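Dear colleague,

Please find below the structure that I am handing over to you.

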Amino acid sequence: MAPDPLVESQIDACLGKYTPAVEAQLRAARTRLRSMFPRGFELVFDNYNALLFGISPTERAFDPFISVAGYPKWVTLFFLRGVDLHDPGGLLEGQGTQVRSIRLESASDIDTAEVEALIAQAVAPHKSAFLVAPTRDPHQAGVGQAACPAAFIAEAGQLTASSC
C-alpha cells in the first residue's frame, strides 16, 4: 500500500520546523532505519519537543521497539528495551529502567557495525511478528514507505501540521 500523500505532507511540515541541518539528519536517519525493515509499520509521534519515527511489526502505538527522534538541536536513535542489549562498545546512553539511546552525530552512524549489532539484538524478539507483517511497497518514492496510513499516529490520534 502506498503512503498517504497527505500524511507525508504533514510530516514535511513538521520537519520544516527544524533547522536545515537537523531536518536533513532526521530525514536521512528515518530513511536508513526504514530501509532495514521492509515489513511492518512506521508509526509517527509528534511529542511536545520531538518528532519520533518508530518501527513496529504492528500498528499498535506501544509496539515500536526502535525509533529515531528529532529534537531541536540533535537526532537520537532509541531502543525501547535497550537495557537488555549487549553493548560492548558502550554506545548506549540512559539510566532508566528500559530505554537506551544513541545521539547520532550523523545518520550514517546507523550503518556502523556496532549500531547494526544493537539493532539486530533489538529486532530478535520481534522477528516472527515481522515475518507476518505487511510488506511495504519498494517502488514508491523513498525507501521503505509505511505500509498503511493508519500507522501514522500522534498525540491526538492524527498527525496534523498544527500539532508540530
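**Notes on the sheet, the cores and the rings**

Strand β2 (residues 51–56) and strand β3 (residues 66–70) run antiparallel and are joined by five bridges. Helices (H or I, at least four residues) and strands (E, at least two) are DSSP runs, numbered from the N terminus, and two strands pair if DSSP finds at least two bridges between them. Within this pairing, Gly54 stands opposite Ser67 of β3.

Please note that this is a predicted model, in which local features need pLDDT of at least 70 and side-chain atom pairs count only at pLDDT 80 or more, while totals for chains, interfaces and linings use all residues. Residues are numbered from 1 along each chain as its sequence is written, and side-chain values use heavy atoms, with hydrogens and water left out.

The open sheet consists of five strands in the order β1-β2-β3-β4-β5, with antiparallel pairing. Its edge strands, β1 (41–46) and β5 (100–104), each pair on one side only. From one strand to the next, the twist averages 20°. Helix α2 (residues 20–35) packs on the sheet and touches β1, β2, β3, β4 (75–79) and β5, where contact means heavy atoms within 4.5 Å. The direction of α2 makes about 170° with that of β3; axes are lines fitted to C-alpha atoms, for helices over the stretch in contact, and angles run from 0 to 180 degrees between N-to-C directions.

Which residues touch the most other members of the largest nonpolar core? They are Phe37, Ile66 and Phe79, in a core of 32 residues. A nonpolar core is a set of buried Ala, Val, Leu, Ile, Met, Phe, Trp, Tyr and Cys residues joined through side-chain atoms within 4.5 Å; buried means under 20% relative accessible area (1.4 Å probe, protein chains only). Helix α3 gives the most to this core, namely five residues. A second, separate core has eight residues, including Ala50, Leu52, Tyr71 and Phe78.

The structure also holds five aromatic pairs (rings of Phe, Tyr and Trp, the last by its six-membered ring, with centres within 6.5 Å; planes under 30 degrees apart are stacked, over 60 edge-to-face, the rest tilted). Phe37 and Phe65 form an edge-to-face pair, because their ring centres are 5.9 Å apart and their planes lie at 80°. Both Phe37 and Phe65 are buried. Ring pairs link Phe37, Phe65 and Phe130 into a cluster.

Yours sincerely

How values were computed
Buried means under 20% relative accessible area, exposed over 50%, partly exposed in between (1.4 Å probe, protein chains only).
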